[in-house]
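Try each task before you read its solution.

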Amino acid sequence: MLALLVDYNFSDYQHYRRIYSEHLGADDEEDNLQLGFLDTVALSLSSDTRQSVFIQLLAYTAERKLALGQRIAAGLLGAVAASELDNIEPAADALEQLIVELDNRDGDGRSGALLKAIACHQLAVRLLELGELDRVRKYTEQCRSALLSTQSGEWESFTVSEGVSWDPSVSQTRVSEVISDNSDALSAVIADRDNKLWVDIVRRKPPINELRSARATVGGLSALVDETFQTLYAPSKSSTTLFRSGDPVIRPLFSALLNAELTGSIGRMQNLRELTGKALAVRNDTEAREDVASMREAIRLLRHADKDAALRRLAYSLRNYGPLNILKNSVEELLTGDRVQSTVTRSDVTLIEAGSDVLRPDMRAIAIEIVEAFSFKKKNSRFNTSVLAGWKRLETYLKATAALLPESGRDSHVVSSVLRMIDQYKIGGDQLLFSALTAVASAVDWNEVPEEAATRWREWFYSVESSKDLQMRDVFRMARSLGVESSVRFDPASLDFVAHVISEGIAAQAEDSPAVDKAVETCLDYLHRETVDAESGTHTLWSYSPAGLASGLIRMFRRTELWPALIAVLFHRSIPAREKNPALEILSDASVFVPPNIVDSLARSWPFHSMARDAGGREFLAGNDALTLASWRKLAITAGAVSAADAQICIIQDAASTDEAVRGKAAECASALYMSSASSDDWPIVLILQLSHDKSGLVRGISGRELARISAIDSQLTGIVKDRVSEIFREPGIALTLNVLEGFRMQDDWRVLPVDKTRAWWLPMVVEFAGNHPSFIVRRNAAKLLNGSHADHR
């Protein structure tokens with residue numbers, strides 16, 4: 001029955017348990033103890049009940065009425081549960097007590113030595129998760145010593161299942177082979193980086209007992225592929241298959257994972273934690289994501305697998321599209337762990353950063369301390385299988401701290417800590433670290449920082465600001481945060497200077513100011529160089545897109561002399577799409593004046609199919625041509641270069657694209673057409689309403705933004721539009737809500753006009769979210785909208 005549980009075959013276990021219990025009486029103390037033990041094991045294997053029975057399971061390790069093997073099994077299963085709960089110490093203590101008892105026993109022979117080897121290896125693996133390498137070495141050596149004692153003597157005999165064709169000695173021999181292999185792998189993990197033990201481990205034949213775990217893994221993946229195939233190609237067909245033994249995907253994966261955990265196979269533990277976590281996430285990636293327990297388990301498994309990239313993608317998907325409570329609860333569970341400061345890993349920091357804006361201020365303060373502890377740790381992962389460079393560890397700490405700092409009340413503490421690190425690691429003109437420090441400086445409330453600390457930070461800034469390795473935008477951003485003026489001056493012939501003119505406040509100057517004149521001259525030079533390069537078949541990657549900067553100057557300063565050179569770049573087929581998209585997006589703004597000759601050029605080029613470019617062996621530069629064509633069409637629609645009838649055909653085609661970015665552009669084009677009054681019909685609104693139900697979160701977000709933007713325009717569909725905008729605004733996550741807020745901001749500025757409540761129909765719900773939305777970013781952006789300032793989606 002224990003084997004059924006370890007195989008996650010709960011239905012058969014319940015069947016045999018019922019038969020067994022029917023023959024027991026109330027006074028069958030020993031048998032009832034056995035059933036109690038098995039029931040506790042069953043509950044420990046469920047994420048819903050693991051916490052409540054964890055200590056009870058460990059108590060069975062000291063229960064002398066159970067067989068020694070059962071007590072060892074309780075210790076192993078308790079150690080697995082302890083790892084899952086981030087509470088390993090109680091299990092480690094229980095295993096140590098068992099090992100001491102085994103050392104004091106006589107007459108257990110070869111089988112007793114195997115039990116000790118198993119217990120020692122399991123303890124060593126869990127101590128590795130705690131980062132206690134000295135104790136790991138101690139118990140790894142004891143494991144190797146015990147394994148040597150299994151080389152001679154007789155194996156203990158016991159009754160095996162009728163379905164097993166070999167005797168107990170074969171099973172025990174195979175188990176010893178598995179433990180020996182896994183112990184060697186652990187020795188390689190904790191050895192010096194230049195050891196050659198891994199060579200022998202990789203070359204050797206895997207133990208035969210691992211085949212069962214491999215078959216279970218393949219079975220689970222096969223079921224997942226079959227399930228996905230059914231969904232894609234026969235969605236209307238309902239399955240009539242009854243799975244008597246549980247979920248056909250998750251059950252075998254969890255069974256294989258438990259096998260790896262119990263035998264202490266570090267490599268398989270990591271791989272199966274990742275695989276099972278991804279399978280749980282994939283099977284629950286519906287719009288509602290209603291299986292909260294499975295999604296939280298997916299996060300835990302990826303975090304415990306040290307799979308930082310996969311965890312980041314899942315966590316930020318939950319942040320963007322919800323439910324936020326899954327992310328919030330997962331982070332808070334991590335932060336309230338008993339020894340989280342001493343065991344925190346990079347994956348833990350990734351999860352904390354992703355969920356930073358949904359944490360309460362007190363939890364943010366705790367998180368800052370934990371992230372700071374990570375910056376001083378040498379250990380990067382739970383299993384010591386990866387190395388993180390010192391600068392990368394600091395950058396990780398700084399970025400996470402910048403995300404956590406707002407509302408935490410820890411501004412002074414963070415500034416002091418960062419200054420200590422600057423001194424300790426002699427941080428100077430390193431671009432990556434300076435950029436991360438800039439993010440921290442921007443997040444600090446300097447009014448809460450003692451003047452002495454602020455002065456030290458400013459002095460450090462003055463000492464490094466002239467470094468040639470730094471990006472000037474970071475230098476000026478930090479200067480603004482510190483309330484000082486940088487002494488660094490741009491080369492007027494650089495693209496950095498042009499970007500500075502556009503973004504750093506010079507926009508308030510006259511359109512013909514010397515700075516703007518020089519920016520235009522520089523931009524014309526770079527546009528010419530780009531066309532010359534294209535003619536010669538070369539391409540230069542600039543720090544900024546010259547076409548994008550030229551478009552910014554046209555929009556901000558109405559410098560129409562840039563149009564000829566800009567159009568030459570945009571129409572050149574040898575220039576990659578990625579260089580054109582930023583410019584096309586800026587020029588599509590309704591506030592941009594497009595000269596009549598440019599409008600004529602756009603009209604002659606419609607629908608821009610000739611702009612599709614052969615990448616010519618430079619696919620990595622090409623970008624998305626389909627998206628670029630859609631961007632061209634949006635510009636032509638905004639400029640009034642195309643009729644509503646011609647635009648309608650292309651917009652509908654783009655709306656049916658398999659590319660989510662192109663479908664999103666279709667929503668923008670439909671909105672532009674409707675707002676330009678080129679269409680007197682309501683079909684653009686209908687199309688955007690349809691796209692607002694797209695399976696892609698990107699398309700739903702863009703559609704929500706465009707609907708919010710046009711919701712102030714009276715039409716027969718205004719009521720439906722407002723209802724849909726309200727629905728999108730309240731969808732889980734933050735991405736769609738932020739898109740809607742941006743759409744409201746893009747409306748005519750109702751605050752400077754005579755108050756018209758119908759134009760501000762959304763005011764009550766924005767006020768509501770500014771006060772009590774769970775996300776700090778949403779609250780901040782809602783407040784900025786109400787105050788008339790620009791949004792910030794960081």
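This is a predicted model: local features need pLDDT of at least 70, side-chain atom pairs count only at pLDDT 80 or more; totals for chains, interfaces and linings use all residues.

Residues are numbered from 1 along each chain as its sequence is written, and side-chain values use heavy atoms, leaving out hydrogens and water.

**Exercise 1.** Work out how α6 and α7 are oriented to each other.

*Solution.* Step one: find α6 at residues 88-103 and α7 at residues 109-130; helices are DSSP runs (H or I, at least four residues), numbered from the N terminus. Step two: their packing angle is about 155 degrees and their axes are 10 Å apart. Axes are lines fitted to C-alpha atoms over the stretch in contact, and angles run from 0 to 180 degrees between N-to-C directions. Step three: α6 and α7 are therefore roughly antiparallel, a label for angles over 145 degrees.

**Exercise 2.** Find where Asp86 sits and say whether Asp86 is buried or partly exposed.

*Solution.* Start in the loop between α5 (68-84) and α6, where Asp86 is found. Next, check its phi: near 55 degrees, a positive value in a non-glycine residue. Most residues other than glycine have a negative phi. Finally, its relative accessible area is 25%, so Asp86 is partly exposed (buried is under 20%, exposed over 50%, partly exposed in between, with a 1.4 Å probe and protein chains only).

**Exercise 3.** Locate Pro323 and classify the peptide bond from Gly322 to Pro323.

*Solution.* First, look in the loop between α15 (308-321) and α16 (324-335), where Pro323 lies. Then read omega: near -5 degrees, and the bond is cis.

Terms used
Helices (H or I, at least four residues) and strands (E, at least two) are DSSP runs, numbered from the N terminus. Angles under 35 degrees count as roughly parallel, over 145 as roughly antiparallel, 65 to 115 as roughly perpendicular and the rest as oblique.
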